[in-house]
Amino acid sequence: MPKLQAIASTLSHDIIAVNETGLDLNGRHLPAEVSMKGYVLHNVDRLSHSNRAGGSFIYIKENLQPQIKTKQATEKSEILHLTIQPHPGKTIKIVLVYRNPTCTAIQDDEFYDCLDNILSTPHETLIMGDFNLPYMDWNTCLSQAPGSKLIDLMNTNSQQQRVNESTRGNKIPDLVIMTTDLTINGLEVTYKIDDHQMIDFSLEVQDPNTSTQHKQVLDYKRANFELKEELSSHNYEVFMSNKNAEKCYMILKDKIATATEHHIPRKRIRPTNNPPWLSQEIKRLINARRHSYRRQTIPNRTPSSRTYSRLQGCSASGSQPFCDQIPLGGPVQSPRITWFQRN
């Protein structure tokens, strides 16, 4: 517990999840012994208290408004399912799991059926925990049973696994699995706690209420030139040994994303929300029309109504080539808005 309190106070994580805690908050331990200021604690205790490595818990910052949805505990597995609201109108499912390596086929079916039910609801989902699949090869995504059941679950629900480095010995029992609509930055395998290593990462969450008003982009003019040194300091041959092209790409992408966040600041810009047909040529015609109109309204200037009318017709018809490419009755979609629909 002192290690966790030190991590929480030093690194200021929003979510801290732990497996194999050995806690029993219904009997041997008091909630006050494991509580931390500013965090909400949710836990699931294993049914069998004879096993030292039982129970999982998760700390979540109070401002994320965590709500417990599912608790499932057997003698061999634990599932703790919560939702958080990082922004109003934005809900993300957080699932913490533990699976004992001695699970039977029937127990595995119950375990993966519960996860499949959680994934059936249409929300972004992050699953993390100790799956204990020592024979899983994440380079090829091939495994003997029971690892094949996890692969089937991921393929069915369009999920991807992001941990590429060993977290216990030379194995990867601890996994971070997410739906493809989530973005993780800077995933690293860091400190060793007992016989496992800690996995640290940041979850990129966009505020749906401000995404149409402001967005953040990288400010390359203020970049720190130590970015190149950080990228060149990694031993890529070690990271990418015995891995396929997809895994090598994900490793390189994570390293570049982490270095970018460290050395390139961001700036806020306001999107223009211009219609897709508003090209530079149309903007030039609109500016010329305004200039011609101003010339008409200034006293002692030669009227230019004919020029103004011509320019007005050119700029008004600028959207026609764009409209001609749209099938009748089909909506025009953009990442931010539906512009219009022809009838």
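A charge is taken to sit over a ring if NZ of Lys or CZ of Arg is within 6 Å of the ring centre and within 35 degrees of the ring normal. In this predicted model, lysine 255 meets that description: it lies over the face of phenylalanine 239, at 4.3 Å from the ring centre.

Ring-to-ring pairing is the next topic. Across the whole structure, a search finds four aromatic pairs. One of them joins phenylalanine 111 and tyrosine 112, whose ring centres are 5.0 Å apart and whose planes make an angle of 75°, an edge-to-face arrangement. Phenylalanine 111 and tyrosine 112 are both buried.

Phenylalanine 111 also pairs with phenylalanine 131: the centres of these rings are 6.1 Å apart and the planes stand at 75°, so this pair is edge-to-face. The pair connects distant parts of the chain, with phenylalanine 111 in helix 3 (residues 105-119) and phenylalanine 131, 20 residues away, in the loop between strand 7 (124-130) and helix 4 (147-156). Phenylalanine 131 is buried, as is phenylalanine 111. Elsewhere, Tyr39, Phe57 and Tyr59 make up one aromatic cluster.

When neighbours within four places in sequence are set aside, leucine 218 is in contact with Thr260, Ile264, Pro265 and Arg266. For threonine 260, which is 42 residues from leucine 218 along the chain, the C-alpha separation from leucine 218 is 8.7 Å.

Technical notes
Residues numbered from 1 in each chain as written. Predicted model: local features only at pLDDT ≥ 70, side-chain atom pairs only at ≥ 80, totals over all residues. Heavy atoms only, no water. Phe/Tyr/Trp six-rings, centres within 6.5 Å; stacked < 30°, edge-to-face > 60°. Buried < 20%, exposed > 50% of the residue type's maximum accessible area, 1.4 Å probe, protein only. Helix = DSSP H or I, 4+ residues; strand = E, 2+ residues; numbered from the N terminus. Contact = heavy atoms within 4.5 Å.
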